[in-house]
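Thanks for coming. I will go through one model today, and I will start from the inside.

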Amino acid sequence: MSQAATEPIQVTDEDHFDELIEANEIALVDYYADWCGPCKMLAPTIDELAAETDAAVLKVDIDKLQELAGAKGVRSVPTIEFYQNGEAADRVVGVQDKDDLLATLDEATN
């Protein structure tokens with residue numbers, strides 16, 4: 001298992017995404033867009049989760065990685081996906097409370 005980063009990891013392409021999902025037992029993926037107001041509201045929470053949890057926190061810019069977002073069925077942002085052992089475990093859409101995201105991460109690790 002790789003060492004969890006203390007800040008979100010910007011996904012550069014689909015291969016990079018797949019490598020990160022495979023390399024980390026638990027991953028939280030934030031699908032966002034620079035023009036998205038709710039995404040900007042959620043960004044500090046995502047940063048805190050990266051710093052405070054063992055989960056890998058990945059950021060996917062849906063404008064730069066449209067094919068990846070489309071393949072994952074992302075239709076609105078922000079969308080947060082949770083992965084456990086390389087498999088999609090859960091998904092939430094919209095701005096989320098930090099405690100709710102932590103609870104979902106806890107469920108994914110137990």
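The largest nonpolar core has 21 residues, and the members that touch the most other members are Val11, Phe17, Val29, Tyr31, Leu58, Val60 and Val77. By nonpolar core I mean a set of buried Ala, Val, Leu, Ile, Met, Phe, Trp, Tyr and Cys residues joined through side-chain atoms within 4.5 Å. Buried is under 20% relative accessible area, exposed is over 50%, and partly exposed is in between, with a 1.4 Å probe and protein chains only. Two or more residues of this core come from each of α1, β2, β3 and α3 (66-71). β2 gives the largest share, four residues. The element names follow DSSP runs numbered from the N terminus: helices are H or I with at least four residues, strands are E with at least two.

A word on the source. This is a predicted model, in which local features need pLDDT of at least 70 and side-chain atom pairs count only at pLDDT 80 or more, while totals for chains, interfaces and linings use all residues. Residues are numbered from 1 along each chain as its sequence is written, and side-chain values use heavy atoms, with hydrogens and water left out.

Now the sheet. In what order do the five strands run? The order is β1-β3-β2-β4-β5, in an open sheet with mixed pairing. β1 (9-10) and β5 (87-93) are the edge strands; each has a single partner strand, so one side of each has no neighbour in the sheet. Pairing here requires that DSSP finds at least two bridges between two strands. β1 pairs with β3 (residues 56-61) in the parallel sense over two bridges, and Ile9 stands opposite Leu58 in β3. Helix α2 (residues 37-52) packs on the sheet and touches β2 (26-32), β3 and β4, its direction making about 160° with that of β2. That angle is between N-to-C directions and runs from 0 to 180 degrees; the axes are lines fitted to C-alpha atoms, for helices over the stretch in contact.

β2 pairs with β3 in the parallel sense over six bridges, and with β4 in the antiparallel sense, also over six bridges. Tyr31 is opposite Val60 in β3, and Ala27 has Tyr83 in β4 as its bridge partner. How many of the residues of β2 are buried? Seven of its seven. In a regular strand the side chains alternate between the two faces of the sheet. Here Ile26, Leu28, Asp30 and Tyr32 are buried on one side, and Ala27, Val29 and Tyr31 are buried on the other.

Leaving aside neighbours within four places in sequence, Tyr31 is in contact with Phe17, Val60, Ile62, Lys72, Val74, Val77, Pro78, Thr79, Glu81 and Tyr83. Contact means heavy atoms within 4.5 Å. Two of those names, Val77 and Pro78, are joined by a cis peptide bond, with omega about -5°. Pro78 is in the loop between α3 and β4.

Next, the rings. A search of the whole structure finds one aromatic pair. Phe17 and Tyr83 have ring centres 5.9 Å apart and planes at 80°, so the pair is edge-to-face. The cut-offs, for rings of Phe, Tyr and Trp (its six-membered ring), are centres within 6.5 Å, with planes under 30 degrees apart stacked, over 60 edge-to-face and the rest tilted. The pair links distant parts of the chain, 66 residues apart: Phe17 is in helix α1 (residues 14-23) and Tyr83 in strand β4 (residues 79-84). Phe17 is buried at 1% relative accessibility, and Tyr83 is buried at 5%.

Also in α1 is Leu20, buried with a relative accessible area of 13%. Not counting residues up to four places away in sequence, Leu20 touches Ile9, Val11 and Leu58.

Last, Asn85, in the loop between β4 and β5. Asn85 is exposed, at 52% relative accessible area. Its phi is positive, about 50°, although Asn85 is not a glycine.
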